[in-house]
Amino acid sequence: MSFTAPIQLPGLTLDPLWHRRSVFYQVMVRSFVDSNGDGNGDLAGLISRLDYLQWLGVDALWIPPFFTSPLRDGGYDVADYKSILPEFGTLDEFRDLVTKAHERNMRVIIDLPLNHTSDQHEWFQQSRTDPDGPYGDFYVWSDSDEKYPNIRIIFTDYEESNWAFDSERRQFYFHRFFSHQPDLNFDNPAVHDAVFDIVRFWLDLGVDGFRLDAIPYLYESDEGNGEGEPKTHEFLKKLRAMVDRDYPGRIMIAEANQWPREVAAFLGTEEEPECHMAFDFPVMPRIFYSLRSQNAKELVQVLSETTDIPEGAGWGVFLRNHDELTLEMVSEEYRQAMYGWYAYDPRMRVNVGIRRRLAPLLDNSRDELELAHALLFSLPGSPFIYYGDEIGMGDNIWLDDRDASRTPMQWTPDRNAGFSTADPGKLYLPVVQSLVYNYTQTNVESQLAQSRSLLHWVRNVIHVRKAHPVFGLGSIHVLETSHESVLAFVRSYEGAGTQFGDPAEDVLCVFSFAHNPISVTIRADDLAGASLVDLFGGSEFPAFDDSGSLTLTLGTQSFFWLHIGSH
């Protein structure tokens with residue numbers, strides 16, 4: 001596999017808003033490249049593919065947990081926050097990864113599960129054996145399993161209660177997720193000190209920020225529902241103040257699966273900021289709903305909601321990631337429609353969601369894959385790509401839980417898809433061998449050789465997006481259209497008087513979810529007489545007329561990004 005590496009840059013640019021301009025790439029260490037033939041991906045393997053990621057246009061890596069762990073929940077069950085799982089590599093290799101990523105002007109974000117640990121963590125083992133010792137109060141213990149009745153159970157397929165009985169301590173401990181993941185007790189100041197110590201440890205190693213896993217659930221109370229309690233926000237303000245003071249330029253990203261207004265609370269206010277970024281969960285299922293219903297109404301509604309967020313804060317937008325496609329943010333009727341379209345086989349479902357990758361969800365339709373990516377890259381916020389989605393990788397619903405979409409990256413048509421030299425039976429998960437998504441057909445090497453492949457298409461869109469700061473930094477204004485299948489909005493940016501000298505720009509984005517060609521009229525009174533030029537090919541389009549009306553014809557499930565000129 002060969003790709004021309006871009007010109008090397010001398011380290012990171014000192015842009016305080018780098019996170020809002022960036023394209024993020026979620027790469028699971030275990031799934032990417034196995035450098036030593038033991039069947040597991042590792043840090044050295046990831047380092048060997050940094051040139052590929054730079055070529056693709058990635059600005060920042062998001063690496064899910066690679067800490068020492070019993071791996072009962074994909075590493076989100078941490079047994080030691082300061083050591084690396086031996087099969088993944090060493091701290092020196094991690095330092096090397098950060099250095100080599102920075103040399104390519106790429107940042108490194110790591111996952112930090114702060115809400116809970118593994119029950120194998122030394123803190124929990126000491127807490128259960130020595131209730132009066134230094135770790136006795138590190139977790140949420142109770143003599144009864146009836147406390148906090150207002151707090152819902154999240155993993156409904158696996159857990160019947162948020163409490164589990166510990167036979168050694170003879171008490172119940174609280175867990176928001178699996179029963180082998182006891183929740184830390186954030187009412188204990190010593191827990192705060194321990195968390196701050198962990199954060200400093202990784203920031204000192206050079207990481208550029210953290211994805212704060214399950215951040216709404218840090219505190220519980222008798223009155224509340226355990227989601228975004230006031231004390232949780234107080235803790236985040238304290239953590240943000242330390243990061244900004246001692247490590248300027250590093251970021252905190254909130255993973256809060258809630259409605260936009262509730263999620264916006266995790267970004268804080270101008271005076272008291274919390275996280276720098278937050279994932280936009282409600283938009284994601286509505287993209288998939290629009291693709292099948294051929295109706296943009298729900299998307300128009302959610303994108304038209306205004307949420308006040310602090311200056312400099314941003315959203316993270318995504319199509320898929322390592323978790324299920326969650327349907328918690330939709331009505332029951334909506335959820336059943338989504339199951340009917342996307343998860344007709346019960347094996348495709350888990351908890352309140354769908355455990356499938358992007359390409360299988362969209363039946364490997366090139367039109368839909370392009371439309372979904374074009375929408376992702378033009379929405380307010382920074383796009384997050386899940387490893388393998390850039391080549392349309394498939395999944396394996398015969399694997400347990402979320403492993404369906406965590407299979408090895410497909411690099412070549414050779415044995416083990418070029419992921420590993422190990423005996424195929426030693427791989428941590430089998431490579432995808434299904435008919436449509438077989439690794440011999442769907443892989444990086446073959447798509448590099450085809451100029452019209454999905455990989456080249458995604459790379460092109462990334463580079464067009466990066467050439468227009470309006471997508472990362474601009475505002476959004478949803479426009480009125482004459483067709484229910486069409487979403488149209490204007491992204492606007494006034495330019496910046498900074499050293500970057502970004503120009504002011506307005507871009508009209510139009511998306512048709514219709515399953516056949518259509519004609520649509522778009523209204524925008526303030527754009528009367530405005531000229532339009534295609535961002536991809538530079539072709540001139542018909543201008544808005546004097547009344548602020550524009551009629552366009554769009555092909556099946558297609559889109560336009562149009563630069564708005566003088567008017």
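This is a predicted model: local features need pLDDT of at least 70, side-chain atom pairs count only at pLDDT 80 or more; totals for chains, interfaces and linings use all residues.
## Helices α14 and α16

Two packed helices are described by the distance between their axes and by the angle between those axes. For helix α14 (residues 366-378) and helix α16 (residues 454-466), the axes come within 11 Å and cross at roughly 20°. Angles under 35 degrees count as roughly parallel, and α14 and α16 are therefore roughly parallel to each other. The crossing in which α14 passes α16 is right-handed.

On the side of α14, the contact is made by Arg366, Leu369, Glu370, His373, Ala374 and Phe377, while α16 contributes Leu454, Trp457, Val458, Val461, Ile462 and Arg465. Sorted by kind, the residues of this contact between α14 and α16 comprise 8 nonpolar, 1 polar and 3 charged.

## Helices α10 and α12

How do the axes of helix α10 (residues 283-293) and helix α12 (residues 332-342) cross, and within what distance do they come? These axes come within 10 Å and cross at roughly 65°. Angles of 65 to 115 degrees count as roughly perpendicular, and α10 and α12 are therefore roughly perpendicular to each other. Here α10 passes α12 in a left-handed crossing.

In this contact, Pro285, Arg286, Phe288, Tyr289, Leu291, Arg292 and Ser293 of α10 meet Tyr334, Ala337, Met338, Trp341 and Tyr342 of α12. The residues of the contact of α10 with α12 divide into 9 nonpolar, 1 polar and 2 charged.

## Aromatic pairs

The structure holds 52 aromatic pairs, and one of them is formed by Phe66 and Phe94, which are stacked with 5.0 Å from centre to centre and 25° between the planes. Phe66 lies in the loop between β2 (60-63) and β3 (67-68), whereas Phe94 lies in helix α5 (residues 91-103), so the pair ties together parts that are 28 residues apart in sequence.

Key. Residues are numbered from 1 along each chain as its sequence is written. Side-chain values use heavy atoms; hydrogens and water are left out. Axes are lines fitted to C-alpha atoms, for helices over the stretch in contact, and angles run from 0 to 180 degrees between N-to-C directions. Helices (H or I, at least four residues) and strands (E, at least two) are DSSP runs, numbered from the N terminus. Angles under 35 degrees count as roughly parallel, over 145 as roughly antiparallel, 65 to 115 as roughly perpendicular and the rest as oblique. A crossing is left-handed if the near helix is turned anticlockwise from the far one by less than a right angle, and right-handed if clockwise. Contact means heavy atoms within 4.5 Å. Ala, Val, Leu, Ile, Met, Phe, Trp, Tyr, Cys and Pro count as nonpolar, Asp, Glu, Lys and Arg as charged, and the others, Gly among them, as polar. Rings of Phe, Tyr and Trp (its six-membered ring) pair if their centres lie within 6.5 Å; planes under 30 degrees apart count as stacked, over 60 as edge-to-face and the rest as tilted.
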